[in-house]
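Student: Could we go through this model together and check what the labels rest on?
Tutor: Gladly; let's look at it first.

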Amino acid sequence: MRRVRYEHTGGPLFVEEAPVPEPGPGELLVRCEAVGVTLPVVRKVTEAAEPIALGGEIAGEVTAVGAGVTRFRAGDRVTGLCFGHGYADFAPLHEAMASPVPDGVSAVDAVALVRSGLVALGALEAARPAPGEAVLVTAAASGVGHLAVQLARVRDAGRVVGAVSCAAKTGFVRSLGADEVFRYDDGDWGEPVDYVLDAVGGDLLTPALAALAPGGRLVAYSSGGGTVQAYDLLVGAKSVIGFQMARIARGEPERYERWRRELWRLFGEGAVRPAVHGEFALEDVAKAHAVIESRGNLGKVVLRP
């Protein structure tokens with residue numbers, strides 16, 4: 001089979017031949033039909049001290065199952081987060097991280113919706129929103145952000161505000177249901193909001209926190225890091241909440257399953273639609289990473305093994 005690898009920090013990425021892996025205990029072996037490209041994986045290639053296996057979001061058909069697997073069998077279509085080599089023709093997927101794909105749904109839609117949608121929905125719930133409250137979504141055109149905008153609207157947000165890196169993304173975010181869209185470098189992000197869903201971190205934490213009304217909540221779910229001054233929280237009685245999807249998937253499977261069912265329901269009703277910026281062949285993985293690095297994507301970037 002083919003898989004993508006690199007030998008030192010920063011790449012280059014290349015496709016090599018490798019043996020098809022055997023599923024271990026509790027694992028599924030999936031023939032990958034679509035693989036999601038995410039900023040955390042791109043950052044690991046450019047920043048990790050040692051080369052890592054390029055895992056991530058995959059969707060495809062189960063071809064074999066390991067010992068102890070009870071929920072799936074060969075022939076099932078699934079999507080989920082792979083911690084091994086996911087940029088490949090075949091990839092291992094732990095049963096706990098797998099979700100069934102309904103009949104008639106494409107692998108591309110599945111990989112664009114489920115993992116990113118679970119993160120968006122989980123971050124939204126972590127904010128404990130009340131109906132009618134105003135929300136600001138940073139990275140609003142990203143794979144997760146564009147779903148967060150739609151989910152906030154579905155969940156009865158009173159005002160949905162998007163923040164993006166450039167003016168070229170504003171029309172796209174408005175088309176998702178945002179009432180207002182601002183660029184990061186705008187001096188004013190409009191009226192204060194009740195909660196922020198932040199996927200950027202770093203230097204953007206300061207203006208994102210400033211955008212909160214007194215008593216507001218910021219949910220941080222990015223890999224960008226950043227520092228928050230305690231005094232900034234104190235004077236506005238504001239709070240910062242960290243959210244990590246892996247903790248929910250591993251420790252709260254019932255909640256994970258409830259969110260998954262809600263996403264498929266909303267998708268089936270047409271209330272939430274994943275957008276795909278582009279599909280790339282496995283051999284064009286460097287081009288796919290370049291799109292993410294440039295922050296130029298409107299929606300999800302997908303590899304097609």
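Predicted model: local features only at pLDDT ≥ 70, side-chain atom pairs only at ≥ 80, totals over all residues.

Tutor: In helix H9, residues 285-293, the buried residues are Val-285, Ala-288, His-289, Val-291 and Ile-292.

Student: What makes the buried residues of H9 line one face of the helix?

Tutor: Viewed down the H9 axis, they fall within an arc of 155°, so they line one face. An α-helix has 3.6 residues a turn, so residues three or four places apart point the same way.

Student: What covers the buried residues of H9?

Tutor: The cover includes strands S1 (2-5), S3 (27-37), S14 (276-281) and S15 (300-304), along with helix H1 (39-47). After H9 comes Arg-295, with a positive phi near 60°.

Student: Why is H2 called oblique to H8?

Tutor: The axes of H2 (residues 107-126) and H8 (residues 253-269) cross at roughly 120° and come within 9 Å. Roughly perpendicular covers 65 to 115 degrees and roughly antiparallel begins over 145, so H2 is oblique to H8. The contact involves, among others, Leu-113, Leu-118 and Leu-121 of H2 and Trp-259, Leu-263 and Phe-267 of H8. The crossing is right-handed.

Student: Which residues have the most contacts inside the largest nonpolar core?

Tutor: They are Leu-28, Tyr-87, Val-173, Leu-197, Phe-243 and Leu-303, in a core of 88 residues. Helix H2 gives the most to this core, with 13 residues. Another core, of 15 residues, lies apart from it and has Phe-182, Val-193, Leu-205 and Leu-209 among its members.

Definitions and conventions. Residues numbered from 1 in each chain as written. Heavy atoms only, no water. Buried < 20%, exposed > 50% of the residue type's maximum accessible area, 1.4 Å probe, protein only. Helix = DSSP H or I, 4+ residues; strand = E, 2+ residues; numbered from the N terminus. Arc of directions from axis to C-beta. Contact = heavy atoms within 4.5 Å. Core = buried A, V, L, I, M, F, W, Y, C linked by side-chain atoms within 4.5 Å. Axes fitted to C-alpha atoms, helices over the stretch in contact; angles between N-to-C directions. Parallel < 35°, antiparallel > 145°, perpendicular 65-115°, else oblique. Left-handed = near helix turned anticlockwise from the far one by under 90°.
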